[in-house]
Amino acid sequence: QLGELAATFATLPIFPLFDTAYFIVSVLYLKYEPGAVEMSRKSPFASWLCAMLHCFGSYILADLLLGEPPIGYFSNNSSVILATAVWYLIFFCPMNLFYKCVSFLPMKLIFVAMKEVVRVRKIAAGVHHAHHLYHHGWFIMMATGWVKGSGVALMSNFEQLLRGVWKPETNEILHMSFPTKASLYGTVLFTLQQTHWLPISEANLIFFFTMFMIVCKVFMTATHSHASPFAPVENFLCPVFFGSVSSGHTSHHHDHHHGPSHEVSHPPPPPAKSKEELNEGTRKRKAKKAE
């Protein structure tokens with residue numbers, strides 16, 4: 001029974017229902033960005049480009065990795081028109097009616113859950129596509145599945161440039177969000193399954209990993225939490241395998257680099273003037289005042 005349920009779930013068509021939910025949540029996140037609403041009024045074309053990156057950035061990045069045309073997915077007219085309609089309704093619907101409806105928390109949770117269905121399906125499709133092109137390229141499969149699941153976040157700096165913002169410190173590689181980490185771990189599982197190192201069917205893996213993503217993302221959205229469920233395991237394993245930052249080394253490094261600049265920025269005070277020089281200066285000021 002479980003196998004039949006997983007097989008049926010894996011064959012569910014994601015267009016147009018699940019894709020619509022994916023586009024709605026993606027464009028909602030764009031509207032939450034500071035200055036996004038003002039930009040949509042000043043430059044609607046730039047706002048539309050940002051929305052298309054939020055909706056199709058993962059396909060663009062995956063095509064670039066595999067040497068395929070990066071705009072190939074835009075030949076899918078139905079998806080582009082649907083994403084454009086969602087963008088227009090969220091940003092320009094009269095009285096913000098559409099935005100108020102889709103951002104209402106119970107409705108938003110449904111859309112978030114549906115988006116995770118699309119995300120996991122994209123990860124599996126990316127790994128399968130890379131496996132077809134590079135049969136023994138494990139790292140290529142993992143890279144393709146990863147960008148298929150989190151390509152929008154990985155392209156966030158480029159998307160910020162379109163909005164006139166440059167924040168390199170927000171690089172997704174340096175500060176991975178939960179969807180990016182989950183996509184990375186998920187693509188490892190799908191790669192192992194595709195290369196027959198993980199004894200589970202693809203349909204079952206899609207089903208179980210989708211359920212995991214839905215539960216985590218819905219809970220995080222409902223509670224407005226940014227804490228990653230992977231944090232306890234990472235906090236335990238990372239110091240063991242990769243070490244931890246030494247506070248003594250950090251303070252020594254700070255003193256070494258900032259000590260000389262401190263001395264330069266505070267030059268020694270000039271020598272004190274003698275009594276004769278002070279009297280001479282007083283006489284000169286009085287003479288100028290008299291003149």
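Author: Helix α8 (residues 138–154) and helix α10 (residues 178–194) have axes that come within 8 Å and cross at roughly 155°. The axes are lines fitted to C-alpha atoms over the stretch in contact, with angles running from 0 to 180 degrees between N-to-C directions. Helices are DSSP runs of H or I with at least four residues, strands are runs of E with at least two, and both are numbered from the N terminus. The crossing angle makes α8 roughly antiparallel to α10, a term for angles over 145 degrees. The crossing of α8 past α10 is right-handed, meaning that the near helix is turned clockwise from the far one by less than a right angle.

On the α8 side, the contact (heavy atoms within 4.5 Å) is made by W138, M141, M142, G145, W146, G149, S150, A153 and L154. On the α10 side, P179, T180, S183, L184, T187, V188, T191 and L192 take part. These residues divide into 10 nonpolar, seven polar and no charged. Nonpolar covers Ala, Val, Leu, Ile, Met, Phe, Trp, Tyr, Cys and Pro; charged covers Asp, Glu, Lys and Arg; the others, Gly among them, are polar.

The model is predicted: local features need pLDDT of at least 70 and side-chain atom pairs 80 or more, while totals for chains, interfaces and linings use all residues. Residues are numbered from 1 along each chain as its sequence is written, and side-chain values use heavy atoms, leaving out hydrogens and water.

H54, in helix α4 (residues 44–65), touches Y22, S26, L30, V152 and E159, not counting residues up to four places away in sequence. H54 is buried, with a relative accessible area of 10%; buried means under 20%, exposed over 50% and partly exposed in between, with a 1.4 Å probe and protein chains only.

The chain as a whole has 14 helices and zero strands. Of its 291 residues, 39% count as buried. Among contacts with a separation of 6 or more, 74% join residues 24 or more positions apart.

The peptide bond from F15 to P16 is cis, with omega near 5°, and P16 is in the loop between α1 (2–10) and α2 (17–32). M95, in the loop between α5 (77–92) and α6 (97–102), has a positive phi near 60° without being a glycine. M95 counts as exposed at 65% relative accessibility.

Key: Angles under 35 degrees count as roughly parallel, over 145 as roughly antiparallel, 65 to 115 as roughly perpendicular and the rest as oblique.
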